[in-house]
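Keep it short and plain.

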Amino acid sequence: MGWKKLVETPDRVGRQAILNVHVYKKEIPLGENVDPAKIASMTTVSPDLANLVNEAALLAGRQSKLVVEKMDFIQEVERSIDGIEKKTAKLQGTEKAVVARHEVGHAVVGTSVFKLLAGQPRVKKLSILPRSGGALGFTYKIEKELLITI
């Protein structure tokens, strides 16, 4: 007979604590603009937090930075959502227009829902750059209680 233990997904405060453990345990130097509370607000999946810290540090290292900056974390969150940006694959002509309209549709509906219904996520960013996850674009939302200024 196998027992299963259910563990709740941590809230923003729990994610911040998990992030702090990974940042300080590995002695990763953070830039002055990095606030672990805001980084914790950008993601809801706690098992990926250690990987988020590691990958952001690797991104900073590849650019010969001495500290991990907020932009490194932002880029890694976007990468974890929908894959690596394909620098060689650029949308052209009609396909670009179709993808742009599609993503704007998500943004318009998402913004309307945010304004009309309490507690709904706000659209923070949209992109029409193809990604390795297969998407030609994405619309990124942040929970209303977790809004941050990037």
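## The cavity

The largest cavity in this predicted model has a volume of about 30 Å³. How many cavities of 30 Å³ or more does the structure hold? The count is 1.

Which residues line the largest cavity? They are Leu19, Val23, Leu30, Val34, Pro36, Ile39 and Phe73. Two elements give two or more residues to this lining: helix 1 (12–25) and helix 2 (36–41). By class, the lining has 7 nonpolar residues, with no polar and no charged ones. Rolling a probe the size of a water molecule over the atoms shows where empty space is left.

## Helix 1 against helix 3

Helix 1 and helix 3 pack with their axes 9 Å apart. The angle between them is about 45°. Angles under 35 degrees count as roughly parallel, and 65 to 115 as roughly perpendicular.

Where do the two helices meet? Helix 1 brings Arg15, Ile18, Leu19, His22 and Val23. Helix 3 brings Leu49, Ala50, Leu52 and Val53. This contact has 7 nonpolar residues, 1 polar and 1 charged. Leu19 and Val23 of helix 1 take part in this contact and also line the largest cavity.

## Helix 3 against helix 4

Helix 3 covers residues 49–62, and helix 4 covers residues 70–82. They pack at an angle of about 120°, with axes 9 Å apart. Angles over 145 degrees count as roughly antiparallel, and 65 to 115 as roughly perpendicular. Helix 3 and helix 4 are therefore oblique to each other. Their crossing is right-handed.

On the helix 3 side, the contact is made by Leu52, Val53, Glu55, Ala56, Leu59, Ala60 and Arg62. Facing them in helix 4 are Asp72, Phe73, Gln75, Glu76, Val77 and Arg79. By class, this contact has 7 nonpolar, 1 polar and 5 charged residues.

Definitions and conventions:
Residues are numbered from 1 along each chain as its sequence is written. This is a predicted model: local features need pLDDT of at least 70, side-chain atom pairs count only at pLDDT 80 or more; totals for chains, interfaces and linings use all residues. Side-chain values use heavy atoms; hydrogens and water are left out. On a 1 Å grid over the protein atoms alone, a cavity is a set of points where a 1.4 Å probe fits but cannot get out, and a pocket is an open set with protein on both sides within 12 Å along at least five of seven lines; lining residues have an atom within 4 Å of a point. Grid points are joined across faces, edges and corners, and a volume is the space filled by probe spheres set on the points. Helices (H or I, at least four residues) and strands (E, at least two) are DSSP runs, numbered from the N terminus. Ala, Val, Leu, Ile, Met, Phe, Trp, Tyr, Cys and Pro count as nonpolar, Asp, Glu, Lys and Arg as charged, and the others, Gly among them, as polar. Axes are lines fitted to C-alpha atoms, for helices over the stretch in contact, and angles run from 0 to 180 degrees between N-to-C directions. A crossing is left-handed if the near helix is turned anticlockwise from the far one by less than a right angle, and right-handed if clockwise. Contact means heavy atoms within 4.5 Å.
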